[in-house]
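I opened this model today to see how its chains pack and meet. Here are my notes, in the order I looked things up.

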Amino acid sequence: MWSFSKISKLIDSWLSVHFSSTWTMVIEMVIAGIAVITLFALLGLVLVLMERRVAAWIQIRLGPNRVGPGGMLQSLADTLKLLVKEGMTPDGADKFLFNLAPFIAMIVAMLLMAPIAFASDFQLWNLNIGVLYVTAISSLMVISILMAGWASNNKYSLMGAMRSGAQIVSYELSAGLSIMSIVVLSGSLNLNEIILSQADGWWIFKGHIPVVIAFIIFIIAVTAETNRAPFDLAEAESELTAGFHTEYSGMKFALFFLAEYINVFIVCAIGATLFLGGWMPLHIGHWQAFNHVMDFIPSSIWFFGKTFFLIFLIMWFRWTFPRLRIDQLLDLEWKYLLPISIFNILLITLMAILGWHF
Amino acid sequence: MTIEALKEKITALLPSVLFEEGGQWPTILVEPADWHKVAVLLRQDDSLSFDFLFCLTCIDWKTHLTMVYHLDATSYRHNLVVKVKLEKVNPAIETVSDIWQTANFHEREVYEMFGVNFLNHPDLRLLILPDGWEGKNPLLKDFEDPINMIKL
Amino acid sequence: MVEEIGSTAAGDIIINVGPQHPATHGVLHLVITINGETIQKVEPHLGYIHRSIEKMCESLTYRQFIYVTSRMDYLSSHINNHACALCVEKGLQIEVPSRAQVIRVLMDELTRIASHELWWGAMAMDLGAFTPFFHAFREREAINDIMEETCGARLTMNYMVPGGVMQDIHPNFQRRVKEFIALFKSKVNEYNELVTGNIIFQNRMKGVGNLSAADAISFGCTGPTARGSGVSCDIRKLYPYEIYETLNFEEILETGGDSFARYMVRVREMSQSISIIEQLIDNIPEGDFQAKTKAVLKLPKGEFYQRVETARGEFGVYMVSEGGTTPYRIKYRSPGFSNLSALDHMARGSKLGDLVAMMGTLDLVIPDIDR
C-alpha cells in the first residue's frame with residue numbers, strides 16, 4: 001500500500017543512488033521546502049473554503065457555490081484577486097516594519113510545520129525537543145502582530161496589537177501547562193515518541209479526567225492564541241474595525257489571513273498529536289483484532305481526520321459565541337484557567353508517578 | 001390632574017403667565033427673561049413635576065421666532081406646552097439643559113437650524129451641520145441655498 | 001485622525017469611531033477619548049445623512065409629506081407614516097374606518113417585530129457573534145414578504161395615508177401572517193438558546209451601560225431604552241391611539257437599567273406584539289379601508305401634535321398649520337436623537353468593547369437621528 005513514508009523513502013533511495021550524499025541532502029531539502037510551501041497554499045485554500053462552508057452551514061445559507069464544482073475554486077479566485085490588488089503602505093507608516101510584519105507571521109507559521117508528524121514515519125524534522133520547539137516558536141507570532149500594529153501608525157491597529165500582546169502572552173501559560181501534562185505522562189519532548197506512547201490508547205482516554213481537563217484548557221488557550229473568536233479581540237471587527245491589520249491590503253493582508261489559518265491548522269495538529277494520538281489509529285489496550293482492523297486505515301487519514309475535527313470545533317466556536325471583553329478575557333486566563341492548569345498538572349504528575357493512568 | 005386643575009395650579013404658581021387657548025394641551029406663554037425661572041418651578045414643584053421634556057423646537061414666524069417646549073410629567077401624566085416669543089434678530093434665551101439634560105442636544109439642533117443663542121449652554125456647537133455653517137440657519141423661512149436645496 | 005479637541009489628560013487618546021465603522025450601523029461619527037481601554041468621553045458628531053426632512057416637508061402637501069417620513073426611521077416606516085397620518089386626521093377630524101384602524105395596528109406591530117428582529121441580529125453582531133444575524137433575518141424575511149404583498153414595498157412602505165390605508169390587504173395576508181406567527185413561535189426559543197442564555201453574552205451585557213430611571217427621563221430616553229430602566233413610557237398604553245386601548249397587551253418593564261435589561265425588554269416585546277397580532281388577525285372588520293377625503297387637504301390654522309410608539313421609542317410629529325395646503329412647520333421628535341444623547345453619560349468609565357454593546361442596546365438608526 002502506498003503511504004507517505006514509502007514515497008519519501010523511495011525518493012530518498014533513488015536520490016542516494018544517483019547523487020552523492022551532500023547533493024541528496026540538498027535536493028531533499030529543496031523538495032521539502034517546495035512541499036511545505038505547496039502544503040501551505042493548499043491548506044490555506046482548503047481551510048478558507050472550509051471556514052466559509054462551515055459558517056454557511058451554521059448560518060442557514062449556502063456559502064460559496066458558484067466558482068468551480070460546488071464552489072471549490074472560490075478561495076483560489078479570492079487569492080487571485082488579492083494577488084493583483086495593490087498592496088498599499090500608508091504614508092505615516094514605518095515602511096520597513098510594516099512590510100516585514102506579514103512575512104514574519106508567515107515564517108513563524110512555516111517554521112512550526114517542521115516537527116509535525118503528518119503520517120507514520122513521515123516528518124520533516126524528528127526533533128528530540130519537538131514540544132519545546134513548538135511552544136517556543138509559536139510565541140514569536142506575537143512579534144509580527146505587535147510589529148504590524150505599531151508600524152501601521154493607526155490607533156485601531158495599535159490597540160489591536162496591544163490587546164493581542166496581552167492575550168497571547170497570557171494564554172501561552174495555560175497552553176504550555178496543558179502541553180506539559182502530556183509531556184509528564186509520556187516522559188518525552190519528542191513528538192514522535194509521544195505519538196508512539198499512545199499505541200495502546202490515546203492520552204485523552206488513558207489519562208482519566210485530568211487529561212480531559214487539560215485538553216479543554218488547551219483548546220480554549222489555543223483558540224485565544226490564534227486570535228480566533230470568541231477571543232478575536234485583536235481584530236474585534238465591531239470595535240476596532242480590523243484591529244492590527246486595519247491598514248493592510250492585497251497580498252500583505254492575505255499573508256496575515258493565511259498565517260492565521262495555518263496557525264489554526266498547526267495548533268490543531270499539535271492538539272491532535274498530543275491528546276488524540278496524531279497519526280496513531282484508534283487502539284484500545286490489548287484488543288489485538290480491533291487494533292489490527294484500525295491499522296488498515298492509513299495513518300495520514302487518521303492525522304488529518306483528527307486535525308480537521310479540531311479545526312471544525314474551533315470554527316464552530318467562532319460562529320456561535322459572542323466576543324469577550326478584554327478584562328473578561330484576562331480574568332478568564334489568570335483567575336480561572338491558570339490556577340486550574342497548575343492544579344491539574346500537579347494531579348497529572350502525581351498520576352504519572354504512581355502510574356494511575358492506563 | 002384635570003386640565004382645569006392644572007391651569008389653576010399654574011396660575012397660582014406663576015401669576016404672570018398667559019394661557020393660549022385652542023391647543024391639544026394647556027399652553028402657556030412665557031417671557032424669555034422669565035423662562036429659566038419658570039422652568040425650574042415647573043420641574044421642581046411637587047404637584048407639577050414636569051420631568052420629561054419630550055419635544056423642544058422653534059418656529060420661524062418671519063417677524064419673530066417662537067420656542068416651543070412640550071413637557072410631560074411621568075408621575076402624574078399631565079402635559080404642558082410652553083411658548084416663548086423671541087426676537088427675529090439675535091434671538092437669545094436661557095438654556096434649560098441644566099434642568100432637562102435632553103435639552104442639551106435639542107438646543108444645539110435649534111441653535112444651528114434657527115440661530116437661537118442659548119445662554120449658559122455648556123456646549124453650544126454645531127451638532128448636525130458640518131463646520132463652517134455657523135450663521136447659516138437652514139430652517140429659517142428666508143434661508144436660501146441654491147446649491148443644496150431642491151425646489152419642488 | 002482628528003485634531004486634538006479641547007484639552008486631554010496625559011495618556012488619553014482620541015479615536016474616531018465612524019462615520020465608516022462596522023459598529024455604528026450607518027454613518028454615525030463618535031469622537032471618543034480613551035485612556036487605554038477605558039472611555040473618558042463620547043462625543044457624537046451627527047449629520048452625515050441629514051436631509052433636512054423638516055424643511056422638505058414645508059413644501060410638500062399633506063398627502064405627500066408622509067412618504068418622506070418613511071426615510072427617517074426606515075425600520076419603523078409604517079409607524080412613522082402612521083404618526084403623520086394620525087396628525088393630519090387630527091387636524092381634519094377625519095373618522096378612520098375600523099377596518100383601516102385594525103390594519104394599521106397590525107402593520108405597526110409587524111413592523112415592530114421586524115425592527116426588533118433586525119436589532120437582535122445586529123446587537124449580537126456587535127458583540128462578535130455573526131450567526132444570530134442570519135437567524136433573525138430568516139423571520140424578518142417572512143414579514144418583509146407579507147409587506148411586499150400588501151404594500152408593494154419591503155422597506156419604505158408608504159402604506160398609511162390620511163383617512164386610512166392606501167389599498168386593501170392582499171387576500172393572502174391573514175394566512176401569511178398566521179404562518180409567520182407559527183414560524184416565529186417555533187423559533188423564538190432558538191433566540192434564547194443562542195444568545196440570551198449564553199454566558200459570554202450575559203457577562204458582556206449585565207452591569208454595563210447603567211442608566212438610572214431619573215437619568216432616563218431627564219435625557220428624554222423613551223421606548224425600550226427607558227423601559228429597561230423601569231420608566232413606564234409606552235405611548236400605546238399611556239396615550240392610546242387607534243384601537244390600542246381595546247387591546248390586551250403588557251407594557252414590558254425591566255428594572256435593571258443596564259444593557260441586559262434593555263435587551264430583555266426588546267426580546268419580550270416581540271412576544272407582546274405577536275399577542276396583539278393574534279388578537280386582531282381573525283377579527284379584521286369588514287368595511288372600507290379608507291375614509292372619504294377631499295382631493296386637496298387643507299388643515300385648519302393651528303398646531304397638532306401626535307405621539308406614537310415606534311420600535312425605538314416615542315416618535316412625535318409637531319405640525320403647525322397656517323391653513324394652507326402645506327404645513328407651515330413640521331418638527332419630528334425622533335426617539336433615536338434623545339436616546340443617543342444619553343450615550344456619553346452611560347459610556348463614561350466603561351471599556352471600549354462595552355461602548356459597542358451600549359450602542360447596540362440603544363438601537364440607533366442613523367437617518368432617524370439625523371432626519
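Predicted model: local features only at pLDDT ≥ 70, side-chain atom pairs only at ≥ 80, totals over all residues.

I began with the largest nonpolar core, which holds 245 residues; A:Phe265, A:Ile266 and B:Val116 touch the most other members.

Setting aside neighbours within four places in sequence, I found A:Ile266 in contact with A:Ala109, A:Leu112, A:Met113 and A:Ile116.

Next I turned to chain C as a whole. I listed 15 helices and 8 strands in chain C. The radius of gyration of chain C is 21 Å, close to the 21 Å that the globule rule gives for 371 residues, so chain C is as compact as a globular protein of that length. Along the principal axes, the C-alpha atoms of chain C fill a box of roughly 65 × 50 × 35 Å. I also noted that 56% of the 371 residues in chain C are buried. Among contacts in chain C with a separation of 6 or more, 70% join residues 24 or more positions apart.

Then I looked at a sheet in chain C. Its 3 strands run in the order 1-2-3, forming an open sheet with antiparallel pairing. Which strands stand at the edges? They are strand 1 and strand 3 (38-45) of chain C; each has a single partner strand, so one side of each is left without a neighbour in the sheet. I noted an average twist of 20° from one strand to the next. Strand 1 and strand 2 (residues 29-35) of chain C pair over 6 bridges in the antiparallel sense. I traced one of these from C:Ile15, whose bridge partner in strand 2 is C:Ile32.

Last, I checked the contacts of chain C with the other chains. Facing chain A, 27 residues from chain C meet 24 residues from chain A. Helix 4 (98-126) and helix 5 (131-151) of chain C are among the elements that each supply at least two residues to this side. The chain C residues here divide into 14 nonpolar, 7 polar and 6 charged.

Facing chain B, 29 residues of chain C are in contact with 25 residues of chain B. Contributors of at least two residues each include strand 6 (302-309) and strand 7 (314-321) of chain C. I counted 11 nonpolar, 10 polar and 8 charged residues on this side of chain C.

Conventions. Residues numbered from 1 in each chain as written. Chains lettered and ligands numbered in written order. Contact = placed C-beta atoms within 7 Å. Helix = DSSP H or I, 4+ residues; strand = E, 2+ residues; numbered from the N terminus. Nonpolar A, V, L, I, M, F, W, Y, C, P; charged D, E, K, R; others polar. Pairing = 2+ DSSP bridges. Axes fitted to C-alpha atoms, helices over the stretch in contact; angles between N-to-C directions. Core = buried A, V, L, I, M, F, W, Y, C linked by C-beta atoms within 7 Å. Buried ≥ 20, exposed ≤ 12 C-beta atoms within 10 Å, placed from the backbone. Rg over C-alpha atoms; globule rule 2.2 N^0.38 Å.
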